[in-house]
Amino acid sequence: MAFSVEEVREKTREIVQPWKTGKGGLIPILQKVQETVGYLPEESLVTISREMKIPLSEIYGVATFYAQFHLTPRGRHIVRVCRGTACHVRGSLKIIDSVKKMLHVEENGTTEDLRFTLEPVACLGACGLAPVMMVDSQTFGRLTPDKVKGILDTFE
Amino acid sequence: MQIYRSHILVCGGTGCVSGGSKDVIDEFQKELERRKLDKEVLVVHTGCHGMCELGPIVVVYPEGTFYCRVQKTDVAELVEEHIYKGRPVSRLMYAGSEEMPVVPHYKEIPFYSKQERIALANCGYINPDNIDEYIARRGYEGLGKVLSGMTPAQVIDEMKASGLRGRGGAGFPTGLKWSFCAASKGDKKYVICNADEGDPGAFMDRSILEGDPHCVIEGMMIGAYAMGADEGYIYCRAEYPLAIQRLKTAIAQAEEYGLLGQNIMGTDFSFTVHIKEGAGAFVCGEETALMASIEGRRGMPRPRPPFPANSGLWEKPSNINNVETWANVPRIMVNGAEWYSSMGTDKSKGTKVFALTGKVKHTGLVEVPMGITLREIIFDIGGGILDDKKFKAVQIGGPSGGCLTEDHLDAKVSYESLTALGAIMGSGGLVVMDETTCMVDVAKFFLTFVQKESCGKCPFCRIGTKRMLEILERITAGEGKMEDLDTLEQLALMVRTGSLCGLGQTAPNPVLTTLKYFRDEYVAHIKDKKCPAGACTALVKYSIDPAVCIGCTKCARNCPASCIAGEVKKPHVIDSEKCIRCGNCKEVCPVGAVSVE
Ligand SMILES: Cc1cc2nc3c(=O)[nH]c(=O)nc-3n(C[C@H](O)[C@H](O)[C@H](O)COP(=O)(O)O)c2cc1C
Ligand code: FES
């Protein structure tokens, strides 16, 4: 899913188009660009700035404020390990530690082969199944450290 | 409409989906078709039943038979026995007490029998993707009643009389809030639904949106009519993809039925609603930050006044309420204020939904009348503590709340009583903790959270929480001093008074309540260099009891630091110098010979 600079500009321009007249478009635009490109490359932010006539500094401010936005490439699969309260008291620290060991990455790190990115999150809203992690949009509950490997192995 | 003799309700909430409920639905469909029963029996995929611990959950109507932990492989038997031969399968029913080993009907399960479901009335009962099922359960009747016979002022009076207070945390009277926005002059007004639910350990709003999206939309429409708004926003966390998808479906269906759009039900009232996805910032749950975020800016709170009722979204008068608040509105309109205010306590009316989690047997979602005691929630509904360990504390209200103890279990749950104890009602997260939970660690946990989520605008919140966190880190590492406790208290008061929004103002609560109720644990960490709960890794020591150890070598094989020595069938020993305190040995030991201290 690697795009060239020109392609990034092109895609960004397409995404920006419907928002040019409305208001409050910046965050949805960033969300859409990230969904398409996988992250927010510099060229995309510059293009949004030109097209929307919003200062680049403001866009950068928004992109770095929200946990959802990423300025560097990310893995094909996002592993979100819940570090919320319910999961914490049911041992989520051990889960995240075992993911780290298995993938050899730190929190918010991406594996070298771009297969996984590990993200701690504050609560996945599935607290009844604590401890919980999400891989892409699938939720896995009642985890134990030894279940983690089997789950990650199913994601190529 | 097709009539079915039986309905099989399968939970499609996030909890049950991760337990495999989608496969269960498919299997039911296949099995019914195979037996040519698909014209007689309908499989409905519903929202959350609340008892997530026992998911996937299946309820068969008209009997109301409750099955739990149903797997794909159980389906053939259920269809064969229950549906075909009319013999409920007790193997899959809820296992009750000794007097009642199996509980066939869900209303008899203690988890449900003490509940009063108003906001959750339809969750787990209807198919959230089907507007007809909502309408059949008196959906949009409240809106009809309001549009056909009530003036906006009458609606607001009704809301005031109901005594409903905001369920998003602060408990501000909803009717009063609406009256401010209604009185505010403006050609354009907005109503907003706060579905940011950032409080870790809470999932009430998620379950309402996933299980009964229409009730939130209807509530917003009634509010919009009362305040003179014609446009609404639902600000929902991006972490809730299923909720967003169900909302989108609900909005499309309501539009198709003419319940959203121009001249609704043939009146002058028009309303459109948009969904905004959050982008992952806890502080965006704060109302002014949330509006900044909808406008596409950094979600930072601003000083109030001006209040949103006068200058909110795009500087227009706006009213923001929580998901659960909105969900109560249609029911109040249908059944009347008097009905609603007959439940609850003097100043806290109606019911509240709690997310019961942590070390409790039945985790899940419960809706109870205000005024119930914490003991009833945790022990009667929740079934007590997991593995019959000892109850230690319950954390209520999330990062802004506090930890309450055994002594407070008989306190009645209401806005006033919880605040008096130093906790808050908050959004409704109840995290139960047992003897193995370290309260200093819990305080550190919450502070780590608020420190990370502080938007950085107020120095007290930004730097003060950082300094407090450093102190807690020292204490849990065994490097604390007794003076640290005074410094913590001083800093806590400064952060509380020096912060603009609720995040900073309440950030010290978990520290203050644990210091107040569990001071001896702090002292043990500082003076004795011990963690009584055995949770703070720097302070614990693992050892193997030679009298119990059977020499199976399992611990040695699972030790990542290779610090366990011993021969087969002989007692093993841990070298504490090399031990990294991961706890693997304790977990794998088949005879419980490993202890922590
Ligand atoms: C840091 C912070 C986070 C908040 N998060 C939420 C939230 O996730 N959901 C919510 O409904 N209210 C949240 N609130 C409260 C809102 O500011 C606001 O009071 C509420 O949405 C009003 O709705 P209500 O009157 O129906 O409770 C938060 C407040 C603060 C200070
Ligand atoms: S705390 Fe982990 S899902 Fe809520």
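Helices and strands here are DSSP runs, a helix (H or I) having at least four residues and a strand (E) at least two, and both are numbered from the N terminus. The structure shown in these views is a predicted model.

**Figure 1. Chain B as a whole, with its helices and strands.** Chain B contains 24 helices and 19 strands, and its C-alpha trace spans about 85 × 65 × 40 Å along the principal axes. A compact globule of 597 residues would have a radius of gyration near 25 Å, and because chain B has 26 Å, its value agrees with that expectation.

**Figure 2. The shell of residues around ligand 1.** Ligand 1 is surrounded by 18 residues, the closest of which are Gly168(B), Lys177(B), Asn321(B), Asn322(B) and Thr325(B). Two elements of chain B, the strand β10 (318-322) and the helix α20 (502-506), each supply at least two residues of this shell, and β10(B) gives the most, with three residues. Sorted by class, the shell has three nonpolar, nine polar and six charged residues. The space that ligand 1 takes up is the second largest pocket.

**Figure 3. Polar atoms of chain B beside oxygen atoms of ligand 1.** A polar backbone atom of Gly168(B) lies 2.7 Å from an oxygen atom of ligand 1, while a polar backbone atom of Gly198(B) lies 3.3 Å from an oxygen atom of the ligand. From Thr325(B), by contrast, it is an N or O atom of the side chain that lies 2.7 Å from an oxygen atom of ligand 1. Taken on its own, ligand 1 has 610 Å² of accessible area, and the protein covers 88% of this area.

Figure 4. Most peptide bonds are trans. The bond from Gly55(B) to Pro56(B), however, is cis, with omega near -10°, and Pro56(B) lies in the loop that runs between β2 (41-46) and β3 (58-61) of chain B. The bond from Tyr61(B) to Pro62(B) is also cis, here with omega near 15°, and Pro62(B) is found in the loop between β3 and β4 (65-67) of chain B.

**Figure 5. The backbone at Arg138(B).** Most residues other than glycine have a negative phi. Arg138(B) lies in the loop of chain B between two helices, α5 (131-136) and α6 (141-149).

Methods
Residues numbered from 1 in each chain as written. Chains lettered and ligands numbered in written order. Predicted model: local features only at pLDDT ≥ 70, side-chain atom pairs only at ≥ 80, totals over all residues. Heavy atoms only, no water. Near = heavy atom within 4 Å. Polar contact = N/O pair within 3.5 Å; in protein donor to acceptor, adjacent residues only side chain to side chain. Areas by Shrake-Rupley, 256 points an atom, 1.4 Å probe, with all protein chains shown as cover. 1 Å grid on protein atoms, 1.4 Å probe; cavity = no way out; pocket = protein on both sides within 12 Å on 5 of 7 lines; lining within 4 Å. Sits in = over half its atoms within 2 Å of the grid points. Nonpolar A, V, L, I, M, F, W, Y, C, P; charged D, E, K, R; others polar. Rg over C-alpha atoms; globule rule 2.2 N^0.38 Å.
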